[in-house]
Amino acid sequence: MTFTRPDPLLERRDGEIGRPVSRVDGPAKVRGEATYAADIPLPGMVYAALTFSTVAKGSIASLDTAEAEAAPGVLLVMTHRNAPPMKPTPTFLSAPMALGSDDLPVMQDDRIHWNGQPIAVVLADTQEQADHAASLVRATYRAEPAATTFDEAVRRPAPKVFGELSVIIGDAEASLAAAPVAVDRTYRTPRHNHNAIELHAATLAWDGDELRVHDSTQAVAWAASTLAAVFDLPEEQVRVTSEYVGGGFGGKTLWQHQILAAAASRLAGRPVRIMLSREGVYRVVGGRANTEQRVALGAGEDGRLTAVIHTGTAAMTAHNAMPEAFIAPAQCLYRAESFRLEVEVADLDMLANTFMRAPGEAPGSFALESALDELAERLGMDPIELRLRNEPERDPTDGRPFSSRNVVRAFRDGAERFGWDRHDPTPGARREGEWLIGMGCATATFPYQRFPGGRARITLSRDGRAVVEVGAHEMGMGTATVQSQIVADRLGLPMGAVSFRQGDSALPGAVLAGGSSQTASVAGAVHAAHDALLGELLKIVGPDSPLAGLTADEVEGGGGGLVATDDPGRHESYQAILDGAGRGALTVEAEASDPTETERFSMHSYGAQFCEVRVNAVTGEPRVSRLLGSFDCGRILNTKTAASQLRGGMIMGLGMALVEETEFDERTGRIMNPSLAEYHVPVHLDVPEIDVIWTDIPDRNTPLGARGVGEIGITGVAAAVANAIYNATGRRVRELPITLDKLM
Ligand code: MOS
């Protein structure tokens, strides 16, 4: 962030920023008044259901839709034989606003690319009729040999090394061989699926060549741009809104269901609602890829690292470009003389994998932070002390200065509050009856980012109200609340006089609710729009105004108007300024400064995760009894919503550690547990009280000193749990999830 002057809000602690403000969208949600994509009725709307392929690779040999077409209420059965032409979906990063997950043709031919690929869309008068008819579509296949097991794919020769995911410094293998103390281990993490509470859904309609979509998406502008590309339309002919999203986590992007619903709607000439079933989400929406990771660490007797090797393989498909970047934590966390960090990918014939909360860092931190714990034991050193001894002064792999890094403080504060002094390094030393008790810790990290292209529009009206509009997203994390706090403080208005509108591709700004970047991206855009507003207001103040003659650098918002920064006596209310100029309202729009801060600095959120587990010595049942996260995420803008984000991430980490796993039938590549009955996530009884603390030290290179809090919570948790389980039992489990069969 580059500022024309020091941001007055960076230092202020007397406003709304930093307070535990409750979510402004809370009352509407509790009353059932918040409308989600599948809540919006359109006149003449019909309901869609999908039929999924049952082989992983090959072609459709026969497709019989007669029975489905004759079923009650059915309007249309769309297959590759009658689907309208559509262009391949631009995949993420292939164009500035590309949101596709893979570039496979969508129902354009008879080819099958994964087990679960949609082969037919049924439109009917009711959802039940559509679901029933979809079950009547009969297909046979010419199946071809398919790569459906990660184990085999990993062992295939010549996997691809991902160019950007390779860091070589010195000769790490030689340093490892020469190291007085070393560990060299392999860790594995499974496929994970997205399970947002709100199922993926879209309600859409065509008006001539204009497409209007109510979607559940993390990126309205990107979804509109990508749909326009698929249907070969000018961007402005597609509008996507997503006022509320019931959870995203990286999965609420663009998948085949929105495209198929739009195509079927065009064919049928009717508005369409598609809401995937829970099984449908597993078949159509990708998740986190399997990984097999080698972490080898070499150190001197003093614990100083001489070699950090983090290599391995992530599953991917030939049609997407989202390698699970598990080396990211090793790139920034520890000083070492040599590094070898590399991600290889092995292609499977499966649904494209995608972003899932802390992609890369979540599985990567499990392996790296487990290995640190193993090295600490070899050294006979406290695992926190080992981390502190390897604290770098600059980014250890690219040499840039850190913008702000207080991971040592996070460990010290967390250790004290958690009672780490009661940690006994001898495994199995603490026992209460049948229960073995252990403690573990790990480092958490996630990069700071701000995406370019953030814009905001502010409308100030003479009644002293401000409306801020940004094409951002409220997925339940508190976007509208935090941005309202920021706007209130910037403009010097009470919270009640501010409203924030988001979730519409027609609003300014190509904002993405991803990469833990949205808060900073929007805050940067609001800052720019506010600067523009100050300029516009000063242009219209009258010659007798107390503000006359001041420049935008010399005023700020305060007391319901503008005030001279150096002279609080020079103040004029917004109402007086607008009235004086005969204006009912004033609207400004501006673009955020380019995110050059990430070019100049190594920027990350950090944290220290602490876990206490109890493992039943008879049954092997692991129970997490305490979790504490001590975070360093810059300034905390809302202590309530931030704590919820961090705690929610830690719960996801707990699920990753102990229960989450997508199970494939390895003969056919079909997901066997496509439901929350069989794909386990932590339930209330699995989740202990979670303590969350933070340094609250502003990062002066970001808007308002804040870095992301959305994804870091999950990182490090699985390692902290695994390390605690080792401490409790002496069993080192290197493959997630740590189920009781691995502990018996
Ligand atoms: Mo996140 S995985 O960028 O929604």
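# Close-up views of a predicted model

**View A. A cis peptide bond beside Pro737.** Pro737 is found in the segment after α19, the helix of residues 717-729. This structure is a predicted model. The peptide bond that runs from Leu736 to Pro737 is cis. Its omega is near -5°.

View B. Leu93 is not a glycine, yet its phi is positive, at about 75°. Where does Leu93 sit? Leu93 is found in the loop between β3 (74-78) and β4. Its relative accessibility is 67%, over the 50% limit, so Leu93 counts as exposed. Now turn to Ala358. Its phi is near 60°, again a positive value in a residue other than glycine. Ala358 lies in the loop between β15 (338-347) and α11 (361-379). Is Ala358 buried or exposed? Ala358 counts as buried because its relative accessibility is 0%.

**View C. An open sheet has the order β4-β2-β6.** Three strands form this sheet, and the pairing is antiparallel. Which strands stand at the edges? They are β4 (111-112) and β6 (138-143). Each has a single partner strand, so one side of each is left without a neighbour in the sheet. How many bridges join β2 and β6? These two strands pair over six bridges, in the antiparallel sense. Follow Leu63 across to β6: the residue opposite is Ala139.

**View D. Ile60 is a buried residue of strand β2.** Strand β2 spans residues 58-64, and Ile60 is found in it. Ile60 has 8% relative accessibility, which is under the 20% limit. Therefore Ile60 counts as buried. Which residues does Ile60 contact, leaving aside its neighbours within four places in sequence? They are His80, Asp110, Ile112, Ile119, Thr140, Tyr141 and Arg142. Look also at Arg111, which is 51 residues apart from Ile60 along the chain. The C-alpha atoms of Ile60 and Arg111 are separated by 6.5 Å.

**View E. Strands β19 and β20 pair in the parallel sense.** Strand β19 covers residues 466-469, and four bridges link it to β20. Strand β20 covers residues 498-501, and its side chains alternate. Which of its residues are buried? Val498 and Phe500 point to one face and are buried.

View F. Helix α14 is residues 479-491, and helix α15 is residues 518-540. Their axes come within 11 Å and cross at roughly 30°. Angles under 35 degrees count as roughly parallel, which makes α14 roughly parallel to α15. In which hand does α14 pass α15? The crossing is right-handed. Which residues meet here? From α14 come Thr479, Val482, Gln483, Ile486, Val487, Arg490 and Leu491. From α15 come Gln518, Thr519, Val522, Ala523, Val526, His527, His530 and Leu533. Sorted by class, the contact of α14 with α15 has eight nonpolar, six polar and one charged residues.

**View G. An open sheet has the order β21-β22-β23.** This sheet has three strands with antiparallel pairing. Strands β21 (555-558) and β23 (567-573) stand at the edges. Why does each edge strand have a side without a neighbour in the sheet? Each has a single partner strand, so one side of each is left without a neighbour. Neighbouring strands of this sheet are turned by 35° against each other on average, direction ignored.

View H. Strand β22 is residues 561-564, and it pairs with β21 in the antiparallel sense over four bridges. Val555 stands opposite Ala564 in β22. Gly558 has Gly561 in β22 as its bridge partner. Two residues lie between the strands of this hairpin. Gly559 takes a positive phi there, near 60°. Both faces of β21 are covered. On one side Val555 and Gly557 are buried, and on the other Glu556 and Gly558 are buried.

Conventions
Residues numbered from 1 in each chain as written. Predicted model: local features only at pLDDT ≥ 70, side-chain atom pairs only at ≥ 80, totals over all residues. Heavy atoms only, no water. Axes fitted to C-alpha atoms, helices over the stretch in contact; angles between N-to-C directions. Parallel < 35°, antiparallel > 145°, perpendicular 65-115°, else oblique. Left-handed = near helix turned anticlockwise from the far one by under 90°. Contact = heavy atoms within 4.5 Å. Nonpolar A, V, L, I, M, F, W, Y, C, P; charged D, E, K, R; others polar. Pairing = 2+ DSSP bridges. Buried < 20%, exposed > 50% of the residue type's maximum accessible area, 1.4 Å probe, protein only.
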